[in-house]
Amino acid sequence: MSKRKSKEAHLPVGECIRKLQTVLRQRLCQQMLPSSLEGLEAQHKHLLELLKRTAAHGESNSVLIVGPRGSGKTMLLKCVLRDLLKEADVQRTLLQVHLNGLLQTDDRIALKEITRQLNLENVVGDKVFGSFAENLAFLLEALKKGDRSSSRPVLFVLDEFDLFAHHKNQTLLYNLFDVSQSAQAPIAVVGVTCRLDVLELLEKRVKSRFSHRQIHLLSSLTFPQYLHQVGSQLSLADDFPDAKFCQDWNSSIQALCQDKSVEEVLRRHFNSSKDFRSMQMLLMFCLGRVSIKNPTVRPVDLQEASRLCFSDAKANMLHGLSILELCLIIAMKHLNDIYEGEPFNLQMVHNEFKKFLQRKSSSMYNFEQPVIMKAFEHLQQLELIRPADSATLKTQREYQLMRLMLDPSQIMEALQKYPQCPTDVKQWAMSAFG
């Protein structure tokens, strides 16, 4: 019986790979919440206690979660909410309103969204309110329980909090903080921002109503911890359907993290950015290379993924240019060399291009002036060149002064990878004075 069970536990390699891809993609792309937050235990405890006081005891609070992008602010908040809602009473009574400064660009839109999320559209109906404060007070009053004695606690989460400070008169912030300071209704206001100077953006009347509680998230991750995180992100849990595949996969990941070339690649990423999103992007590229033929992540996969992560976007754009546009870029490069970075115009670029054609004495690159003008404009649309200053925009198009937004090394790198690039164009680019 036990032998039959063990045989059934072994799945085909293709099926194991499919399940592996599903599990790890969910973890990396959908950012599944970890069971515990490493390095953020104190912040987690502080925020959980704060929100528990609002949800369970009706105490109003306000707090800011501050930290650089990718430091785990949203993950911290989601983990706290997950732990908070485990209590049945809290789950039944706590209401949540999630606003984002990028979406709710003014207070009118924000109030509409608050009404929608609290399911109070029917209550508001066609009522006309004199001010924002009256409208918000009416919404909170509508949340009172049947006995009209106690109102349900509401959690307001303001993502991109600093953008709400740019709203006219900061009315939304003023009213939310005012309610959280007074005993009108139990609400908790949690702001999430990456700006350390966010309090300087608040008006005096708004600042005076804020509790000045701040939870800072600053990455103190060391490289050994980063390496451990990479291993844990790629490892499979014990409940994977095929135990042998799981064991082999985890052993290969352990060996991968001990490889010297892998350590070098990961150290480069660690020095560049310590945030988890860039790490997850790197690991997603690696995961994309896992197949039946290559059932493990190899050091070469990580090196290729790293190359993709660090690839130069502007150099990649050059691969899609026409030969004429590429020739104009090379002419600009030579003008930069000759005039030591001084701005140029289309006429100068055209003259430089003509010199190349005369030396080449070939009709292959002969283009009409309107075609060259169109190619020049396309380079400007791609932001590979830009006007030297706003004054030049009033000048005739051929004589508008421009600057090249590319480094010579980017141009040379792109030429090496340009599909079927003519040899004479490459030689022209490599020549010292065009």
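Q: What makes a stretch count as a helix or a strand here?
A: Helices are DSSP runs of H or I with at least four residues, strands are runs of E with at least two, and both are numbered from the N terminus. Leu-283, for instance, is found in helix H15. A word on the source: this is a predicted model, where local features need pLDDT of at least 70 and side-chain atom pairs count only at pLDDT 80 or more, while totals for chains, interfaces and linings use all residues. Residues are numbered from 1 along each chain as its sequence is written, and side-chain values use heavy atoms, leaving out hydrogens and water.

Q: Why is Leu-283 called buried?
A: Buried means under 20% relative accessible area, with exposed over 50% and partly exposed in between (1.4 Å probe, protein chains only). Leu-283 has 0% relative accessibility, so it counts as buried.

Q: What does Leu-283 touch, leaving out residues up to four places away in sequence?
A: Contact means heavy atoms within 4.5 Å. By that rule, Leu-283 touches Leu-28, Val-230, Gln-233 and Leu-234.

Q: How do you know that the length of helix H12 agrees with its number of residues?
A: The expected span is 1.5 Å times one less than the number of residues. H12 (residues 223–234) has 12 residues, so it should span 16 Å, and its end C-alpha atoms are 17 Å apart, which agrees. Its buried residues pack against helices H2, H13, H14 and H15.

Q: What makes a group of residues a nonpolar core?
A: It's a set of buried Ala, Val, Leu, Ile, Met, Phe, Trp, Tyr and Cys residues joined through side-chain atoms within 4.5 Å. The largest one here has 36 residues, and Met-332 and Phe-353 have the most contacts inside it. H18 gives the largest share of this core, 9 residues. A second, separate core has 35 residues, including Leu-136 and Phe-210.

Q: How many helices and strands does the protein chain have?
A: There are 22 helices and 7 strands.

Q: Why is the protein chain called more spread out than a compact globule?
A: The radius of gyration is taken over C-alpha atoms, and the globule rule is 2.2 Å times the number of residues to the power 0.38. For 434 residues that rule gives 22 Å, but the chain comes to 30 Å, well over it, so the chain is more spread out than a compact globule. Along its principal axes, the C-alpha trace spans about 95 × 75 × 40 Å.
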